[in-house]
Amino acid sequence: MKNNQSLMQLESSDLLQAIRDQFILSITDVRGIIIDVNDTFCEISQYSKEELIGRDHRIINSGLHQTSFFTEMWETICSGKSWRGEMCNRAKDGSIYWVDSVISPIRNESGEIERFVSIRSDITQKKLQQSETSDLLNTIRQEYIMSITDVKGNIVDVNDAFCKISQYS
């Protein structure tokens, strides 16, 4: 039994280290004040632990999201539920980065929320690729003659360039 317990502890320790190495982590108190961050958080935000601890996450606010976005997030986690969403942040040098975030409340023995843990993954490249694809599709729609047909060859949609060249609406 003792050997199994040590193995479980080792596995938990390894798992926690893998999470620390792979993900962007932060812990806040119930007011949202940062009490701990991992090195990955510091790397992506370009702030040191000393610059982050004692502050709230507004230090990395990109300004992209509306107040209602944060209000909904805060209401969710304060109600005891986990929140998940994509968030755009701003690094110390002014550059932006995107993260897929899960923020969960951590309760004490009495069941009261005593802090929040946030686990994030960097999705900046995915967001850039989506944006480039969207830009390319918009260019195609605007610059090229395009039509879409069903399997029988009936036109079901056309773009403005098609209407202009064909003189049909």
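Author: Start with one pair of residues. The bridge partner of isoleucine 27 is aspartate 36, which belongs to β2. The model is predicted, so keep that in mind throughout. Strand β1 covers residues 24-29, and β1 and β2 pair in the antiparallel sense over three bridges.

Now widen the view to the sheet. Five strands form an open sheet, and the pairing is antiparallel. Read across, the order is β2-β1-β5-β4-β3. The edge strands are β2 (34-37) and β3 (83-90), and each of them pairs on one side only. Neighbouring strands of the sheet are turned against each other by 30 degrees on average, direction ignored.

A helix comes next. Helix α4 packs on this sheet. α4 touches β3, β4 (96-107) and β5. The direction of α4 makes about 135 degrees with that of β3.

Look at the rings in this region. The structure holds three aromatic pairs. One of them joins phenylalanine 69 and phenylalanine 70. Their centres are 5.2 Å apart, with 90 degrees between the planes. That makes the pair edge-to-face. Phenylalanine 69 has a relative accessible area of 21% and is partly exposed. Phenylalanine 70 is also partly exposed, at 24% relative accessibility.

Another pair reaches from helix to sheet. Tryptophan 74 and phenylalanine 116 form a tilted pair, 5.5 Å centre to centre, with 55 degrees between the planes. Tryptophan 74 lies in helix α4 (residues 67-78) and phenylalanine 116 in strand β5 (residues 113-122), so this pair ties together parts that are 42 residues apart in sequence. Are the two partners buried or exposed? Tryptophan 74 is partly exposed, with a relative accessible area of 34%. Phenylalanine 116 counts as buried, because its relative accessibility is 3% and the cut-off for buried is under 20%.

Phe69, Phe70 and Trp83 form one aromatic cluster.

Strand β6 (residues 147-149) and strand β7 (residues 155-158) pair in the antiparallel sense over three bridges. Isoleucine 148 stands opposite aspartate 157 in β7. β6 and β7 form a hairpin, with five residues between them. Glycine 153 sits in the turn and has a positive phi of about 90 degrees.

Now place these parts in the whole chain. The chain has six helices and seven strands. From the N terminus on, the elements run α-β-β-α-α-α-β-β-β-α-β-β-α. Buried residues make up 27% of the 169 residues. Take the contacts between residues at least 6 apart in sequence: 36% of them join residues at least 24 apart. The chain exposes about 11900 Å², and carbon and sulfur atoms supply 51% of that area.

Last, the confidence. The chain averages a pLDDT of 86, and 85% of the residues score at least 70. Which elements mark the lowest and the highest mean pLDDT? Helix α1 (residues 2-22) has the lowest, at 65. Helix α3 (residues 49-52) has the highest, at 97.

Definitions and conventions. Residues numbered from 1 in each chain as written. Predicted model: local features only at pLDDT ≥ 70, side-chain atom pairs only at ≥ 80, totals over all residues. Heavy atoms only, no water. Pairing = 2+ DSSP bridges. Helix = DSSP H or I, 4+ residues; strand = E, 2+ residues; numbered from the N terminus. Phe/Tyr/Trp six-rings, centres within 6.5 Å; stacked < 30°, edge-to-face > 60°. Buried < 20%, exposed > 50% of the residue type's maximum accessible area, 1.4 Å probe, protein only. Contact = heavy atoms within 4.5 Å. Areas by Shrake-Rupley, 256 points an atom, 1.4 Å probe, with all protein chains shown as cover. pLDDT = per-residue confidence, 0-100. Axes fitted to C-alpha atoms, helices over the stretch in contact; angles between N-to-C directions.
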